[in-house]
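I opened the notebook to look up a few positions one by one.

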Amino acid sequence: MSSTSPAVAPDPDLAAEQTAVTDLYRRLDAARELAVTRFRQALATPIINPQSLGEREAAARFQGQRITTLDAADHGLVIGRLDREASPQPLYIGRVGLAADDPSGDPALVDWRAPASRPFYTATPFRPEGVVRRRHIRTRGRAVTAVNDEVLTVDVEATDGPPLTGEAALMAALTAERTGRMTDIVATIQAEQDAIIRSDARGVLVVQGGPGTGKTAVALHRAAYLLYTHRDRLARSGLLVVGPTPTFLRYIADVLPALGETGVLLAGLGQLRPGLDARGHETPEVAELKGRLAMVDVLKAAVRDRETVPRGVRELVIDGVRIPLRPVDLTRCRTVGRRASRLHNLGRPAFARAVVDLVAQRYADRIGADVRGGSSLLDQRDLEALRSEIGQETAVRELVDEMWPVLTPEQLLRELFADPARVRRATKGWEDDERALLARAADAPWTPADVPLLEEADELLGFDDSADRAREARRRRQARDEAQETLDLLHGSRSTDLEDDEEGEELTAGDLLDADSLADRDAEVDVRSAAERAATDRTWVFGHVVVDEAQELSAMTWRLLARKCPTRSMTVVGDLAQTGSLAGATDWGAVLRPHVGDQWRLAQLTVNYRTPAEIMAVAADVLEAGDAVTAPPRSVRSTGVPPVAEQVPDADLLPRVAAVTTGLVEAGGTVAVIVPPSRVADVVDCLATAFPVVSSGPAADSSAGPVVLVPADAKGLEFDSVLLLDPQGVLDEGVRGHSDLYVALTRPTQRLTVLYPGELPAELHRLTD
Ligand SMILES: Nc1ncnc2c1ncn2[C@@H]1O[C@H](COP(=O)(O)OP(=O)(O)OP(=O)(O)O)[C@@H](O)[C@H]1O
C-alpha cells in the first residue's frame, strides 16, 4: 500500500479549487470559441484557385481537430495540481494545455503530456522532484467533488513494492462501475506506467505484463504522448494502433480522442489491408499454418507457377499463316520477363514484348521465305509495323494471358487455395495433411490469417502503374503549358519603359516563378490526415506502430507490420501467459528476432489494477498449473467478496445460468458469461428469453446487456461481473486451455461466479476450500 496517507481536504480547499477550476473552464470555453470563429473564417475564405482551396481545407481541418480536442477535454479538464518548492504558485495539470494571461510564466493549465507534468506521476516521498504537495482534484461536470492531498516532504519508511500515486483517486477510479468502454487514466497514471508512456520513441519497446496491469491503458497513453511530443513527424506519417478484434477496438476507440488525439488509425488483425475487413473464420490449425514464415516461399513458388510454358509446340495461326512456337523459345521469353522485374506484373510487359518479337520474327521468316526462297523481304520499318499488328492479334494476347496472366493478390490466393494441384506445386517438401489445411473454397470469405498473405502477395506481384504514370505525365505537361501561357501573358503586359532600368524594375509573377512551380501550386492539395490517407494506401509507412495483445500475432503478421514501419519505432504490449492462438508467441525474442535482431527493450508491469486479490489468487493457481513462464501480477486491491463456485447437474445448467446472470445484472454494471465454444449457442438462446438484448461474438456490446463470450473474444476486455461456465470445457476446448481459463478468470473487476457440471478442475481447488 502507499507510503503516503491520503486525507480528505477540508471544505475551504474545495472552495478554493472550485474557483481555480471555474477559471480554467472559462479559459477552455474561450479557446473553443476562438477555434470555432477561426473554423468559420476558414470556411468563408473565398476560393480563387486550387491552392486556396487546399489552404482553406487545411485550416478548417486544423481548427476542426482543435475543437474536437477541446471538446474531449471538457470532461474532467483539471486533474490536479503540484505545489513546488521553487515557486509560490501552484501548477495545474489537465487534459489539455491552456495559456495564461502572462505568457512569460507558467501556463494556466499544463497538458499532462508536457515535461512539466511529469512529477505529478513520478514524484514520491523518497524522490520528491521539487514537489511539496500533490493534489488530485476530482470533478463531476464542472463541479469539484473532492480533493486528495499527498504531502511529499514527510519522512516515510520504505514499504513493499512501488508506492501508489494518488491512492484515493486511484481506488475511486478502480472501483467505479464499468461502462463497456475503456476510460483514460490520465488522473492516476502510476510511476511504473509513466516510465513506459514517456519512454524514447525510437526502437522496439516490449511491455510484458499480466492481466489488468494497464498494458492497453499504457499503450494508448503512450500513443497520445508520442503524438504530442513528435507532433510534426507523426502528423505527417501517422500512428497505427493494432488490436486483436473489432470489439476490442470499439472498447478502446473512445480513449484516444478523449486524450486529445484524432490522427490515429485503429486496425484489427483482419483490417491491416486497406479496403478489406476480413472476418471469416478458420480453425486454429489453419491459422497457425498460414501464419508461418514458410508461407513466404509458398507464395513465391505460387507466383512462379503462374509463369508457365506450354509442354509441347504451340501453333498460332495468323492471317492463315501457321506459326509453330517451341517450348524452348517460349522459355526464353519467360526468362526475358523474369529478368526485367522481380515482380510478376511488372515483368509481364517485357515478356509480352518478347513473345510479340518472337511471333513477328517467325511470321516474317515465313512470308519472306515463301517469296524469295529464304531471304527476308521485310526491312526494319516493315518489321516494326508487323510487330504492332501482331501485338493486337487475339491469338497472341491469349497466349500471353495464359502464360503470364496479370494477377491481383486476391486472385492469386483464391486460385491457389482452391486448387490442390497448385498447392502441391507450391509446397515442395510439405506433408499432405498440411497441404490439405490450405484448401479453401474460392468464394469463402477472407480471414485475418489471409491478410498478411494477401499483403505479401502484393509485394511479389507489384502492380503495373505505367498507365497511371503516363496519365500523370500528360496531366503535368498540360498544366505546365497552361502555366507557361499565364506567365507569358503576365510578362507581355508589364510596362516596357522600365525594362532597362534595373533600379526601378518591377517584379512580376514570371520573375518569381517558373512554369513548373506554378503548375505544382495548382496541383490538387491532399488535405486528408495521415491516418485517413494511410487507411486507403497499402504502401503507407507509419511513424510509429502500437500493437496490443501482441502475443496473438503470427510470424506473418509481424512481417507485415515490420514492412509498414521500416524505422521499427514500435510499442508492443502483451502477456505471454495469455497467448490463445496456436500461431501466437511464447517468447518475445523469437518473435522479434527476424525483424529487429536483439535490438528491442523490455519493460514489465507488475501490478494488477483490475482483478481483486480474491479472484487473482484463483487465477494464479491456473497460471502455475499451465507451466507459465511469467509470474502473476500483484492485485492492488481486494473487495472482501470471495469468488463463488457451484456444481450444477448438466440438465439444470441453463436455467441456473439464467438465474445467476439475472442476479449479476441486478448487482449493477456490465456482465459477461464466458463459456467454452461448444456452449455459446445454447447459452445465448437461453439468455435471450430472459433479457431484451444479449449479444455474443466479436461484435458483443456489454453496455447494452449481458454478453456471451468465448475466452478469445473476451481478451483485453473487462466486466464488473463474470459468470464462468464449465471451466473444464474451457480447458479442453482451447488449443491453449490454461491460457484461455486464465484469461476468463481475470476479466472481472468485482464479482466472479463459476458454474460447473461434473468435477471442478483441480486447478480451481481454491474455489471450494
Ligand atoms: N493508473 C491507473 N489508474 C486507473 N486505472 C487504471 C490504471 N492502470 C490501469 N487501470 C485500469 O485497470 C484496468 C485494466 O487495464 P488494462 O485493460 O489496460 O490492462 P491490460 O494489462 O491490458 O489487461 P489484459 O492483459 O487483461 O488485457 C482498466 O480498467 C484500466 O483503466
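My entries follow, residue by residue.

**Entry 1: the model.** I am working with a predicted model.

**Entry 2: Ala123.** I looked for its place in the fold first. Ala123 sits in the loop that runs between helix 3 (118-122) and strand 5 (131-140). Is Ala123 buried or exposed? I find 22 C-beta neighbours inside 10 Å, so Ala123 counts as buried, since the cut-off for buried is 20 or more. Next I listed contacts, leaving out residues up to four places away in sequence. Ala123 touches Pro128, Glu129, Val131, Arg134 and Leu152. I followed up on Arg134. Ala123 and Arg134 are 11 residues apart along the chain, and 8.6 Å separates their C-alpha atoms.

**Entry 3: Thr213.** I find Thr213 in the loop between strand 7 (204-209) and helix 6 (215-229). Thr213 has 27 C-beta neighbours inside 10 Å and therefore counts as buried. Which residues does Thr213 touch, not counting those up to four places away in sequence? I noted Leu605, Thr606, Val607, Asn608, Tyr609 and Pro633.

**Entry 4: Thr216.** Thr216 lies in helix 6. I count Thr216 as buried because 24 other C-beta atoms are within 10 Å. Leaving aside neighbours within four places in sequence, Thr216 is in contact with Met182, Ile252, Asp548 and Gly716.

Methods. Residues numbered from 1 in each chain as written. Predicted model: local features only at pLDDT ≥ 70, side-chain atom pairs only at ≥ 80, totals over all residues. Helix = DSSP H or I, 4+ residues; strand = E, 2+ residues; numbered from the N terminus. Buried ≥ 20, exposed ≤ 12 C-beta atoms within 10 Å, placed from the backbone. Contact = placed C-beta atoms within 7 Å.
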